[in-house]
Every structure is written in structure tokens, then in C-alpha cells.
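Subject: Structure handover

Hi,

Please find the structure below. My notes on what turned up follow it.

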Amino acid sequence: MKYLCILIFVFVSACKNANIPESVVFDNNRLAKISIDAEIVKINKIYKSIYSEPYIDHSLLNPPIQRLERWIEDNISIFGLENKLEINILDASIQQTEIQNENSKQFEGNKIFKYELFYLVEYNLLSNADYLIATTTVESKRTTTSGKYISIIEKEKIIDKLIWESLEAISNQSNVLLKKYMQDYIL
């Protein structure tokens, strides 16, 4: 009995507490709102998921392109009786690659995962006769890392945080560049 108690104590004290990141709340109301003088808005999903390594966006329940689409629908509004706003989603990919961990200790694994998310969005404002009035391209690239052997929940939270930070960046960049290049058509 004595050995069993010691064994349980050693086992419990040897367990490492996992630092599970907090869940990310995707609230588009916290991101930039943009109003453009146009009658019609059209979202073109030009990006198609790549079904091979290192791309993983096709395997996610809520991939980056879906989050970006929701942001566009919730935060870009139109007013006016003429012009057409075309929003082309050119890239919304996320990659997972295995890299060397330069800061690993002797008994820790020396491999980690690097996640890289890239957004590329093109905004075109066209007249009713389909002449290009103004255009701009906005991009966001964010990366993060995680241990190679983490739980599925930890991985989802890390990826959700990466997507949220990328959405914040693309939202802010869109706001700045649309005000710069479409200043006569922004409210």
C-alpha cells in the first residue's frame, strides 16, 4: 500500500499542466466597419482550398475564408444608387509545417509546428457601365507556432487565435487602404 501511494504521488506530481489558450470569440462588431458608395456588392471567392500538405484550411470546421466572408458581410456596407463594389478573395490559406525548435531543452521534442495564414483581398469599385473607378489590394500574413504533440482542442484554439489576429489585420488594412484609394466613395 505504501508503494502504491508513493507511485500515485510521483505520477501526479510528474504530470505537467497544459497551458491551454483561451477560446477566441469571433465578434465582427469589434472590427472596422466600412461604408462604400455603391448600389451592389459582389463577393467573388476566387481562392480554392489546396488539398495537399502543408495546407490545412480544407480540414478546419471554420476555415479562414469562411471567417473572412462573414467579416465582409457583417462589416462592409453599401449606400447609394450607383456603382458596384467587387470584393475578390484571392487567398485565404493556412499552412502547417514542421520545423526545428531552436529553444528546445534536452528532454523536450526538437520539432514544432509552424502555422502561417495568408489573406489577400482585392477591392474594385466599378461604375454602372463596368468601368473601373478605384481599386486596391489588401494582404495580411500572420504566423504562430505550437508544440508537435498537443491536444486537438489546443490546436483549434491556436488556429482560431491566428485567424482572429489575421482578421483584425485585414480589417484594419482594408479600412486604411480603402480610405486612401477610394476616399471620394467612403463614408
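Start with Glu-69. At a relative accessible area of 17%, Glu-69 is buried; the classes are buried under 20%, exposed over 50% and partly exposed in between, with a 1.4 Å probe and protein chains only. This is a predicted model: local features need pLDDT of at least 70, side-chain atom pairs count only at pLDDT 80 or more, and totals for chains, interfaces and linings use all residues. Numbering runs from 1 along each chain as its sequence is written, and side-chain values use heavy atoms, leaving out hydrogens and water.

Salt bridges

Side chains of opposite charge can pair when their charged atoms come close. The count here is five salt bridges, each a side-chain nitrogen of Lys or Arg within 4 Å of a carboxyl oxygen of Asp or Glu.

Glu-69 bridges to Lys-45, with the closest N and O atoms 3.6 Å apart. Glu-69 sits in helix H2 (residues 64-75) and Lys-45 in strand S2 (residues 40-45), 24 residues apart, so the pair links distant parts of the chain. Helices (H or I, at least four residues) and strands (E, at least two) are DSSP runs, numbered from the N terminus. Lys-45 is partly exposed at 42%.

Asp-130 meets Lys-84 at 2.9 Å, N to O. Asp-130 is in the loop between strand S5 (111-126) and strand S6 (132-147), and Lys-84 is in strand S4 (residues 84-100), so the pair ties together parts 46 residues apart in sequence. Both are partly exposed: Asp-130 at 48%, Lys-84 at 21%.

Lys-148 meets Glu-98 at 3.2 Å, N to O. Lys-148 is in the loop between S6 and H3, Glu-98 in strand S4, 50 residues apart. Lys-148 is partly exposed at 26%, as is Glu-98 at 41%.

Aromatic rings

There are two aromatic pairs. Rings of Phe, Tyr and Trp (its six-membered ring) pair if their centres lie within 6.5 Å; planes under 30 degrees apart count as stacked, over 60 as edge-to-face and the rest as tilted.

Phe-26 and Trp-164 have ring centres 5.7 Å apart and planes at 80°, so they are edge-to-face. Phe-26 lies in the loop between helix H1 (2-14) and strand S1 (34-37), Trp-164 in helix H3 (residues 152-181), so the pair ties together parts 138 residues apart in sequence. Phe-26 is partly exposed at 21%; Trp-164 is buried at 6%.

Phe-113 and Tyr-115 form a tilted pair, 6.4 Å centre to centre with 50° between the planes. Phe-113 is buried at 16%, and Tyr-115 is buried at 1%.

Arg-67 lies over its face, 3.6 Å from the ring centre. The rule: NZ of Lys or CZ of Arg within 6 Å of the ring centre and within 35 degrees of the ring normal.

Sheet and helices

Four strands form an open sheet with mixed pairing, in the order S2-S4-S5-S6. Strands pair if DSSP finds at least two bridges between them. S2 and S6 are the edge strands, each pairing on one side only. S2 and S4 run parallel, joined by six bridges. Lys-42 stands opposite Glu-86 in S4.

H2 lies across S2, S4 and S5, at about 150° to S4. H3 packs on the sheet and touches S4, S5 and S6, its direction making about 155° with that of S6. Contact means heavy atoms within 4.5 Å. Axes are lines fitted to C-alpha atoms, for helices over the stretch in contact, and angles run from 0 to 180 degrees between N-to-C directions.

Best wishes
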